[in-house]
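Dear colleague,

I am passing on the structure below, together with some notes on what was found in it. Please read the notes with the coordinates open beside you.

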Amino acid sequence: MGAMFRSEQMALAQLFIQPEAGYSAISEIGEVGCVQFRDLNKDVNMFQRKFVSEVRRCDELERKLRFIESEVRKDNVRIPDVVDFPKAPNPRESIDLEAKVEKTEGEIKEMTENSVNLKSNYLELTELRHVLEKTQQFFSDQDEANGYESAHKALITDDHNASIRGHLGFVAGVINRERVPGFERMLWRISRGNVFLRRAAIEKPLEDPQTGNEHFKTVFVAFFQGEQLKSRIKKVCVGFHASLYPCPSTHKERVDMLQEVKTRLEDLQMVLNQTEDHRQRVLMGVAKELQNWSVMVCKMKAIYHTLNLFNMDVTKKCLIGECWVPSNDISTVQKALGDGSTASGSSIPSFLNIIDTSEMPPTFNRTNKFTRGFQNLIDVYGMASYRECNPALYTIITFPFLFAVMFGDSGHAIIMAAFGLWLILAEKKIAAQKGKSEIFNIFFGGRYIILLMGLFSCYTGLVYNDIFSKSINIFGTSWRVNATTLPPNFTVHTSSDSTVELQLNPRENYQGSPYFIGLDPVWQVSKNKIIFLNSYKMKLSIVIAVVHMIFGVTVSTFNFVHFRKRASLLLEFLPQILLLCFLFLWMVVMIFIKWIKYDGSLDGIDTKRGSSCAPSVLIYFINMMLFSGTTSATSDCDTYMFDSQPLVQYILILGALICIPWMLLGKPIYIICTRKGAKKEIAHVRSNGDVIPNLEMTEVSTNGSGATLEAGQTIKHEEEEEEEEPMSEIWVHQAIHTIEYVLSTISHTASYLRLWALSLAHAQLSEVLWNMVFQMGLTVEGYIGVVYIYVFFAVWALFTLAILVLMEGLSAFLHTLRLHWVEFMSKFYAGQGYPFEPFSFKKILDEEEEGVE
């Protein structure tokens, strides 16, 4: 956890790599994934860089692999997932890989082309078979219509039939079924009704060899007279993409031709089956290596893209690159460079040189699977400035706790914790799955947050004594009701449900010690339950608000000390914390005084300390801000909780008023004094003729959090000149900051009242759902009551999960997120940095996989 306190220290390094070792060295660095490279060729066009030809080769390999993958998926061949990602191939292996991919592509293209040709021939023969079979039926029907019975058909020769039909011609073919109506209309128009068309549908669809799609087709025969009409019909067939086939005019020739076509179809089907088997074997072999090839090509392309960021020295014998690297990983990078030089066989070792810079480094917070979700919540708001305090460390505890304050129901919390626990226990199985929805990925990424929110909510549910809107009497209530404690004039008021209503007096009906933890279960049946919880949770939210905000202001001291802004401790932190304590911490103190001093068991014994004399803390606070006095409710009660309270309140309000000009004027006056002193020192040095190198002015931080850069570091680059901020802007910024902070102390404290509001709303929704839904099933007696219980329980469970767990949980999550982003982090967090984005093969492959999905 110590590593999360602030971002890791970064170093700007120069890499000196021999050209022959550049590929291997960058490959090793990519496997490590802890270096962010800088582009040293910003002025050079991407197409004019040194390794652009290698990048194009990789693009061509990716294109070929995409083609191979499409062919594999087209044949429904399963592509196995990669268990261990292979390393990037060395240049010699990359040549062999390129040859393999090219050979595989050519083989698949050849098989695809041969398969298409065979399927085209098979389709033509199939259509010809259907034409011969259907036209045979057409001619048989025509012969019967002409009076030739089947009994004496054999006595009439085919030559005689041909002489009868000799003056008529016909064209036979196949056309898509959806084009038949338009085809008929066109034939009618061009022939003016002088074409006789017979057609018959093919029952089974035929596969298109090019696309693989299936189409329903129809066989047609068009009878006509004259060669001119024949040419017109053929043109129409070409326009409608109809396939024409030769069809003999005699019966014997048609039968012989049909037999020959069937024989050829059988032979062609055998060849097609053998071709498909061979294609399947080849594609299954390719599928086993396809993912490995894709990974290797992806790594090769990333390496050459990274090498394009390097610069070549004047002798063209060394590659020079610049990169940001965490200081703790410098030895790892040096080892990767050594391994790269050894792998390439380079005689001259590559080395790393740390250089000084005034540029702001990237922000890198090292996380694990537990802390990554909390860090993402902070990074979404804004990336932390370099080396400033990281709120994610505190968010691990404060985020689920504030959520639990609003979601305080142990029953709902158990459901949430169980869901988070299931995501954690099955995380390896879930992470290996592909095609998960984006919403589920969000839940899976925050699985540890969900688990902690559920566990913390179990605790607050125990404090509220609330489980599915019901209370449980674990430790035994201390409230007692007996006849001896009843007042003499007591009368029983019985309502319609025969419930006796009784006012319990703490002095007479309360015995023993308070309930061990949380609320006494007797409040579950009390009529003033909402009034009591309303007051209790409102005060609790104010206490949490003040503690959380004071902690946020206190965290800013770590930034001031780390960035050597000692004056900010006196001019920013001190007036801010005093203003918060003088006003709102005093209100918290009054709440605790009220809880401790006034007791309902003292009613009738010590009236001034009884419940009837308990004052309103809010009225005290308002009168304190207005400098007005407070009057007691009755003459028997004290005006204040203790004698010196008015004096203490006047001192506190005066101290708070002093803090405002302290924040407004202190820092600008300090800057004016420091600048005058610096100018006098420079003038004194120049009068003596000496020069002081590396003289730098201290940068002024104008943000309200006090998070600035370390000494000698600025957000600008080295080549930019440092400019002094005009005093007019400093005065304006400080005035805005002062006004914002003073107003925010009030608005932020009020904002924490959402803890009270959502907690009360969640409890009431849960109670309404129980009383209006599930309890209705419990009121029915007999056998039918069993059915009612099952039905109403199902409805109650559905609404509980959908509304109280999911929707209310999401609402409480968003409100908790706002309290951290606005009310807590604004006290110390600047969030003006930029993220550390290392060159990592794992990250590149994950992004590519997400893009494919």
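In this predicted model, strand β1 (residues 10–17) pairs with strand β11 (residues 351–355) in the antiparallel sense, and five bridges connect the two; within that pairing, Q14 has N353 of β11 as its bridge partner. Strand β1 is also joined to strand β10 (residues 319–326), again running antiparallel, through eight bridges, and here F16 is bridged to I320 of β10.

How many of the eight residues of β1 are buried? Eight of the eight are, so the strand is largely enclosed by the rest of the structure. The burial extends to both of its faces, with M10, L12, Q14 and F16 covered on one side and A11, A13, L15 and I17 on the other.

Turning to the nonpolar cores, the largest one has 74 residues, and the members that touch the most others within it are M453, L579, L580, L583, F584, Y752 and L755. The element that gives the most to this core is helix α17 (residues 566–597), which supplies eleven residues. For L583, if neighbours within four places in sequence are left aside, the contacts are F621, M624, M625, I653 and A656.

With best regards

Conventions
Residues are numbered from 1 along each chain as its sequence is written. This is a predicted model: local features need pLDDT of at least 70, side-chain atom pairs count only at pLDDT 80 or more; totals for chains, interfaces and linings use all residues. Side-chain values use heavy atoms; hydrogens and water are left out. A nonpolar core is a set of buried Ala, Val, Leu, Ile, Met, Phe, Trp, Tyr and Cys residues joined through side-chain atoms within 4.5 Å. Buried means under 20% relative accessible area, exposed over 50%, partly exposed in between (1.4 Å probe, protein chains only). Helices (H or I, at least four residues) and strands (E, at least two) are DSSP runs, numbered from the N terminus. Contact means heavy atoms within 4.5 Å. Two strands pair if DSSP finds at least two bridges between them.
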